[in-house]
Amino acid sequence: MNEYKNELDCYTRLNKVAQKGGVVFFGSTFAKNIPVSELGQTFNINCNVYNRSFADLSVFDAQELIDDAVMILAPKKVILQFGETDIERGYKSVTEIINAYEQLINKIKKVDKKIKMVIVSVCSDEQDCKDLNIALESLAVKCKCQYADITTAKTNEIPSIKAFSMLRYFILDKFSFYDAMNFVNV
């Protein structure tokens with residue numbers, strides 16, 4: 001866990017001034033590269049959105065970091081995006097990754113059953129990732145989470161902005177008719 005110490009120290013300091021009850025992104029490298037504060041302003045997101053993702057974080061290591069990085073913020077919603085690091089490393093099977101993901105979800109539910117969760121696909125069209133995304137969608141149904149498929153963001157000129165654009169509807173608890181009409185154009 002020493003490889004995450006610097007990032008965790010930074011998040012610990014930020015969490016002291018962050019407001020509780022917002023939306024928190026928690027994931028690996030792709031999620032970390034989404035500038036949620038700036039994009040939240042750009043897309044007129046009217047709630048606090050924090051990014052507590054770590055470079056190259058495995059879902060297997062996430063349980064050790066979630067309390068200090070995420071749960072201390074008492075989020076109303078957690079957006080989870082793991083799997084890319086685990087697939088790239090090739091150490092674990094899709095089944096093992098899904099089992100670790102489910103353990104992470106159960107840990108969040110133990111802290112607060114009211115927290116809403118969104119499981120986000122891995123942003124890749126490689127076969128291993130396709131298999132993982134199918135399993136992630138099934139896990140979302142099983143665990144009563146929302147599932148956000150952002151795989152098409154990969155082909156965009158700036159994938160992180162496209163992904164946020166797609167995820168903004170999962171960030172909001174409710175959205176206007178205007179938002180609903182624009183969702184079709186994402």
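1. In this predicted model, F26 of strand 1 has L80 as its bridge partner in strand 3, and the two strands run parallel and are joined by five bridges. Strand 1 also runs parallel to strand 2 (residues 49-51), to which three bridges join it, and here the bridge partner of F25 is N51.

2. Strand 1 is mostly covered, with five of its five residues buried.

3. Helix 6 has 18 residues and reaches 26 Å from its first C-alpha to its last, which is close to the 26 Å expected at 1.5 Å a residue. Its buried residues are I97, I98, A100, Y101, E102, L104, I105 and I108, and these pack against several elements, among them strand 1 (23-27), strand 3 (77-81), strand 4 (116-120) and helix 7. Helix 4 (59-69) and helix 5 (84-89) also belong to the surroundings against which the buried residues of helix 6 pack.

4. The axes of helix 6 (residues 94-111) and helix 7 (residues 127-142) come within 10 Å and cross at roughly 35°, and the crossing is right-handed. On the side of helix 6 the contact is made by V94, I97, I98, Y101, E102 and I105, and on the side of helix 7 by D128, D131, L132, A135, L136, L139 and K142. The residues of this contact divide into nine nonpolar, no polar and four charged.

Note on methods:
Residues are numbered from 1 along each chain as its sequence is written. This is a predicted model: local features need pLDDT of at least 70, side-chain atom pairs count only at pLDDT 80 or more; totals for chains, interfaces and linings use all residues. Side-chain values use heavy atoms; hydrogens and water are left out. Axes are lines fitted to C-alpha atoms, for helices over the stretch in contact, and angles run from 0 to 180 degrees between N-to-C directions. Helices (H or I, at least four residues) and strands (E, at least two) are DSSP runs, numbered from the N terminus. A crossing is left-handed if the near helix is turned anticlockwise from the far one by less than a right angle, and right-handed if clockwise. Contact means heavy atoms within 4.5 Å. Ala, Val, Leu, Ile, Met, Phe, Trp, Tyr, Cys and Pro count as nonpolar, Asp, Glu, Lys and Arg as charged, and the others, Gly among them, as polar. The expected span of a helix is 1.5 Å times one less than its number of residues. Buried means under 20% relative accessible area, exposed over 50%, partly exposed in between (1.4 Å probe, protein chains only). Two strands pair if DSSP finds at least two bridges between them.
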